[in-house]
Amino acid sequence: MMNGGGFRIGGRTLRGATKRATCWLSGSSGSARVAGCMLAWCLTAAGWAGESADADAKKLRFVFITTCVEEEFFVPVKKGMADAARIMGVESVFTGTVGVDVKAQAEMVRQALRDGYDGIAVNIIDPVAFDAVAEEARDQGVPLVAFNVDDHATANARLSAVCQRYHDAGRKVGRRCAEYIPAGSHILMTQHAAGVSALDDRLRGQQEELGPQGITWTTVVTGNTAPEALEVVTRQLRKNPEIKFVVCTGQADTEGAGLAIEQHFRDRGVVAAGFDLNPQILRLVKAGIIRFTIDQQPYIQGFYPVMQLTLLKRYGIMPSSMDAGAAVITADQVDSVLRLTEQHYR
């Protein structure tokens, strides 16, 4: 940490520092805390930008391969990736499938191997679909790590993962919702896409907490954009006028549910809760339409895989998995978070 005296990193000491940097790094021996944007500042100030073990070595090239590549959620992931690439003097590109297509996404990993990338980060949305390509990467000596979603259910040759613990996050949402959803209520539960293990895990965790309270639910898939989700949620709430609560699992459905309530059902006392941050979601949280949302810190999901792949390729430092967190954001926190959201750090 930095607070006046200095900060030592990479053999250098930063003197007279007045900023404080904190971030959670989770491991088997405990946790430590460091903010992604502050870590970027520290590394740059320490002179690490572009430094490598061999100044004449070719520039390392990495690729991130995701599902639903056009989703707004990935904007801060891309910024984190780009910031880390600039700091470490590497190249990194972000690509993926437009929708959920695990076969096409796995083939993109194979293409990345043929294209000679030095490291690959994959959004492992399915517990089986990426097992073979992860093994192929390992056999070819190309490090592969997971970001955003990991394969927790089965063995996988990926080296590490930077992502939220989705089932735990779902249970956290469920426990908090159970504090204000009356026992015996019937609610609407949403996923923005089918076939994404992270959303399934969140939903399962929510239901494990809400079910014992006698709460029942209707579950729908809303689509990957907020306008699609607005239409689906509006239709469901009109069909089921007894529903007063919408519990969501991702960014598009959380935003869409909030907009549907604001435009059509606010006088009925309907409220939502869900995941992720953008200015629209935060506005709806501040207005009390979305009771709370969960921040999974997507910036670090782009930042740390680049750092891990670079350190492994240059110095043999093995990657380790990190929990991206599940911070609850309520109306009283919106103003402090909004500026960083607009800058794509949160």
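In what follows, a residue is buried when its relative accessible area is under 20%, exposed when it is over 50%, and partly exposed in between, computed with a 1.4 Å probe on protein chains only. The model is predicted: local features need pLDDT of at least 70, side-chain atom pairs count only at pLDDT 80 or more, and totals for chains, interfaces and linings use all residues. Residues are numbered from 1 along each chain as its sequence is written, and side-chain values use heavy atoms, with hydrogens and water left out.

**Stop 1: strand β8**

Select L144, which lies in strand β8 (residues 144-148). Helices (H or I, at least four residues) and strands (E, at least two) are DSSP runs, numbered from the N terminus. L144 counts as buried because its relative accessibility is 4%. Display its contacts next, a contact being heavy atoms within 4.5 Å. Not counting residues up to four places away in sequence, L144 touches V109, I120, V122, A134, A137, R158, L159 and S160. The C-alpha atoms of L144 and L159 are separated by 6.1 Å, although the two residues are 15 apart along the chain.

Then select N148, also placed in strand β8. N148 is not a glycine, yet has a positive phi of about 70 degrees. With 7% relative accessibility, N148 counts as buried.

**Stop 2**

Move to Q105 in helix α3 (residues 102-114). Is this residue buried or exposed? Q105 counts as buried, at 0% relative accessibility. Leaving aside neighbours within four places in sequence, the contacts of Q105 are I65, T66, T67, T97, V122, N123, I125 and F130.

Select C68 next, in the loop between β5 (61-66) and α2 (74-88). Its phi is near 50 degrees, a positive value in a residue other than glycine. C68 counts as buried at 2% relative accessibility.

**Stop 3: the six-stranded sheet**

Now colour the open sheet of 6 strands, whose order is β11-β10-β12-β13-β14-β16, with mixed pairing. Two strands pair if DSSP finds at least two bridges between them. At the edges stand β11 (216-221) and β16 (327-329), each with a single partner strand, so one side of each has no neighbour in the sheet.

Continue to strand β14 (residues 290-295), where 5 of the 6 residues are buried. Strand β13 (residues 271-275) pairs with β14 in the parallel sense over 3 bridges, and A272 stands opposite I290 in β14.

**Stop 4: helices α9 and α11**

Finally, select helix α9 (residues 279-286) and helix α11 (residues 334-342), whose axes come within 10 Å and cross at roughly 170 degrees. Axes are lines fitted to C-alpha atoms, for helices over the stretch in contact, and angles run from 0 to 180 degrees between N-to-C directions. How are the two helices oriented, roughly parallel or roughly antiparallel? Helices α9 and α11 are roughly antiparallel to each other, a label given to angles over 145 degrees, whereas those under 35 count as roughly parallel, 65 to 115 as roughly perpendicular and the rest as oblique.

To see the contact itself, show P279, L282, V285 and K286 in α9, which meet V334, D335, V337, L338, T341 and E342 in α11.
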